[in-house]
Every structure is written in C-alpha cells, then in structure tokens.
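Colleague: Please take one part of this model and look at it closely, telling me where it sits and what surrounds it. A second region for comparison would be welcome.

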Amino acid sequence: MSTVIRDISEADLPEAIRVLCEGFPHRSPAYWQSGLNQLARLDAPAHTVRFGHAMFVKGTMRGVILCIPSVHKYGAVAQTFVNLSSWCVDPSHRGRSALQLYAQASSGHVDLTYTNLSATAHTLKAVVARGFQQWTAGQMLCVGIRSSPGRKRFVPSDQARSAGLAEPVARILADHAKFGCFAFCLETSTKLIPLIFLRRRVKSIPVAQLIYCESLDDLISNGLAVSAWFAARGYPAMLVDTNGPVAGLLGKYFPGRAGKFFKGPAPRLDVEHTYTEMVYFGF
C-alpha cells in the first residue's frame, strides 16, 4: 500500500473538508470551510505550514491533521506556537500510518511550541507518546469572589494602547475583539491586566471561557469585579483551565475535562490560547 504524507495545499482543501466531515460527522462543510478560510489568510511563520498535513493512500486523501501557527511576542522575546487540531483518519487506515501523520505534524524545529487543546480520550496515549506534556488537567466553572484594594476600570480593546498596554498585546486584544471575543483590560491602582474570553454555552448557559491571561493570580485577585462585569452582560459564569480547584474562584472543578497539552518550549503565560482552533473554528 502506497502511503504519502505531505503538507495540505489550497488545492487540497475540498478533499480535506470531505475527510474532516467524515471524521467529525457532527460538523458541517460550512463549519470547516469558514475556519479554513481564516487560515488561508494567515502568513505561516518560519518552519511552519499554513493548513496542516494530509495522508494519501494510493493517491486518495485518507487522513488530515490541521496545524495552526502563530507568533507570540513577550517583550523582546518571540515564541512560535503550532496548534494541532482535528486529527482524523479513515477507520480502514488507522494504526501506524495515522501515528506517522501525527508525528510529522508535531515534529519540526526545536524552537516551536506545539499545543493540543482538544485531545480526546482515545488519542491521549498517542499524544503523550509523542512527547506532549500536560499543561492543564481540567476546567473550573466558576465566579470570582476576591477584590483587590482600590478602584478598578474596564478598558475596551480599542483604548488599550492609549491606556499604556504594550503594542504586541494590544494587537492581540484588537484581533480577538474582531473575532467576537471579549477582549479588554482591567485597570487597577497598580497595573493594567489584559484579558480575553471566548463566548461559550455550557448546557445552554452562556459562559465566558478564559483564553488569555498573563497570570491567573491577576484574575483571581480581581475576580469579583470581572464576574460582575460578565454578569451584567448575561454571562453568569467563567470557564477556566486549571489543574484543580482554585482558591479564590467559587464553583465546580471538572477533572479530565478539556485537558491541554504542549510539546517543546513551555508556554510563558498561565493561559494562552489565542490564534488557535478555539478562535478560528469555535465549538
């Protein structure tokens, strides 16, 4: 059997959508087309690919894994992420070839940080075998109950630069506001805290899922104000990736739910899921 694994080109996208729809039958072609259209507009950083990789057997596409690259700047330091997403292979061709597809997608330059933000139970063994480490082990559905001293002000993304937020982070907020996220800064008496949340529904209840936070302690210390801000907008709870129940957040921890994994240089922030499948494809 002749098996070839190579980068996905724009010409391959119709076939890739077919394979993705077969692998994820609850998703429509329009869902995949919308996300891939956004990836088509991205510039692939050095040592990365734009769409991902596909497995061909006798010339027919039988497997896909999407790779979503992005560059994140922290002062003078830049870190390149590759978010692996939507790994699926035709049932008749799973096994060694499917693992080779995942291996090729997660093996590149040593400076790349690979992330898997949606590993399912039946893929965890393969993900860990490829050298991925656990980032967070579960999620907490919660509200904040703490309040740091002093006055607080919420700064919308379009005013973040004038409030003193560094340009790279201000751009992240602006981009994600355009994606439909909640993107803002909380200004306290001592610092400016950038935060980004996705709009989600959990069992039909609107929740705000944290996807960007430089330090979780910043959110915890000001959680009461943030939760009140969301409640006023019809979002009664936050969803936060953690490794266990967090003192200062009131709610329920769900171990094993939506665990996050990484390989390569460790992420520098407590929560950093910007420019990933969570944003481009949604839930």
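Modeller: Ser-106 is buried, as its relative accessible area is 1% (buried is under 20%, exposed over 50%, and partly exposed in between, with a 1.4 Å probe and protein chains only). This is a predicted model, in which local features need pLDDT of at least 70 and side-chain atom pairs count only at pLDDT 80 or more, while totals for chains, interfaces and linings use all residues. Residues are numbered from 1 along each chain as its sequence is written, and side-chain values use heavy atoms, with hydrogens and water left out.

Ser-106 lies in the loop between α3 (96–105) and β5 (113–116), where helices are DSSP runs of H or I with at least four residues and strands are runs of E with at least two, numbered from the N terminus. Leaving aside residues up to four places away in sequence, Ser-106 touches Leu-84, Tyr-114, Arg-130, Phe-132 and Lys-263, contact meaning heavy atoms within 4.5 Å. From the C-alpha atom of Ser-106 to that of Leu-117, 11 residues apart along the chain, the separation is 14 Å.
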